[in-house]
Amino acid sequence: MPTVGALLERRALLDRDTPALIAGSLRLSFGQLQVWVEAVAGALAAEGVGRGDRVAVLSPNSPEGVALYYGAARNGAILCTLNVRLADDELAAILTDAEPALLVAHPDCSDRAIALAGRVRVARVWRFDAAPMPPPLERPVETVYAAAGTVCRQSPVAAADPLLLVYTSGTTGRPKGAVMTHAGMVWASATMAHTLDYRYRDVGLIPVPLFHVGGMSFATFFVHAGATAVLPPAWQPEAMLDLIAAERVNHFFAVAAMLRGLLDAPGFARADLSSLRWILAGGAPVPADLIRAFGCRDIPVLQTYGATETAGPATAVDLAHAEVKAGSAGLPFFHTDLRIADDAGRALPADTVGEIHVRAPHLFAGYWRNPAETAAAFAGDWYRSGDIGRLDREGYLWIEGRRRDLIVSGGENIFPAEVEAVLEAHPAIAEAGVVGRPDSAWGEVPVAVIVAVPGAAAPDPTELARFCAGRLARYKIPKLVETSEMPLPRNAAGKLLRHLLRSGRP
């Protein structure tokens, strides 16, 4: 099993002049990217950063972040990716836990990085534009790369070594650091390649954050597959439409809110999207109307499901069933096993609701310095996701919600995702979030927070109850409906932050 650093080294040998990374005006071939990565790895080594040392990075998506990822992979360091959207207290807690030897920051984040380093005593801080990380090449790649030596000239890094330290989204509690190995990231790339319609020398857009493991899985995949990665600095729907057309993008991953933004963009109807073969969508259930809307442009939207702990991939809907199975999270990836289990870890039959378990070579290695949580996360070699779902008789996964989000009202179980799907089918509702609130008579009752479609009036509780009648059992119909003028709170992966809804802060 090659390491992630070896993936790039081999790809640069085979496809030296093939476009590898496009980021604004920067266009790098695989050979040029390899030379830059070797320089970055050398700079880390000169700084005394080596095997097992943590390197924290605070940055929006950037080519420097990609070079740092592969540079850390070459010298055995562990890259700790920091979510730029977190508050300083949250970042300080992560840095205290990770104990990085070095904190590297994008210029836009450098003031925060310096303040955080002083607060948690990180000895060294680099800024991308001032660090000893040589910029992309100023001389021909043939000269530099030829002098770099033979292929697989890496330092002794093992496939089982840790590569990434990614802190979970923390929708309900303090984040935990999931440790991803080189082998895990290579297997995540392989299971994607062997499941979906990816092709050699494709062009893939990576608009999702690289501080999440899903983003890094795509950053690994494009090298493994010999594809070109297009890395925009931020998600701006109108600009994305232009970028897809200009670079002839073949596919990308997005969350539902991003797709809604594309659909609502003024230029969507006239945009040239002919190069797109499909879109992968996850983070949260994708409303059926979104899937149908892109289907009208002959662009299948493939719902996918995964977690930080699975390095991203777990299931995905196949191309042939993109609309037929709208609402499903799909079938297991090629190198991935899935089961629905009861509380004792026993596999359950089709159409039975239970906990989703995943088994795969791309699972995380455990939580950083947290053996108790690591042990609790596994049932044998199966990862216990904490998500609730069922498999239909064709093997497709249907997500019912998080175990901890389950609402128990009068002894009856209510899965928020089921109620949200019905509410979002209302033509005037763009988003819906359902949580349980304490009730003296029933223990808990379902409460909905809704966001109206732009230009539409939000339905009142009476109208909404009438709409839900016949679609939901009476006990599942929200007892209280609140309207939010703002989009519902979500983390960067698109997951609904239900704890904020429970506290009455939509």
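## Aromatic pairs

Across the whole structure, a search finds 11 aromatic pairs. Rings of Phe, Tyr and Trp (its six-membered ring) pair if their centres lie within 6.5 Å; planes under 30 degrees apart count as stacked, over 60 as edge-to-face, and the rest as tilted.

This is a predicted model, in which local features need pLDDT of at least 70 and side-chain atom pairs count only at pLDDT 80 or more, while totals for chains, interfaces and linings use all residues. Residues are numbered from 1 along each chain as its sequence is written, and side-chain values use heavy atoms, with hydrogens and water left out.

## Trp 235 and Phe 252

The ring centres of Trp 235 and Phe 252 are 6.2 Å apart and the planes stand at 45°, so this pair is tilted. The pair links distant parts of the chain, 17 residues apart: Trp 235 is in the loop between β10 (228-230) and α9 (237-247), and Phe 252 is in strand β11 (residues 251-255). Helices (H or I, at least four residues) and strands (E, at least two) are DSSP runs, numbered from the N terminus.

Phe 252 has a relative accessible area of 3% and is therefore buried. Buried means under 20%, exposed over 50%, and partly exposed in between (1.4 Å probe, protein chains only).

## An aromatic cluster

Phe 364, Tyr 367, Phe 378 and Tyr 383 form one aromatic cluster. Within it, Phe 378 and Tyr 383 make an edge-to-face pair, with 6.3 Å from centre to centre and 65° between the planes. Phe 378 is partly exposed at 22% relative accessibility, whereas Tyr 383 is buried at 5%.

## Charges over rings

Lys 176 lies over the face of Tyr 367, 5.0 Å from the ring centre. The charged end of Arg 297 sits over the ring of Phe 268, at 5.3 Å from its centre. A charge sits over a ring if NZ of Lys or CZ of Arg is within 6 Å of the ring centre and within 35 degrees of the ring normal.
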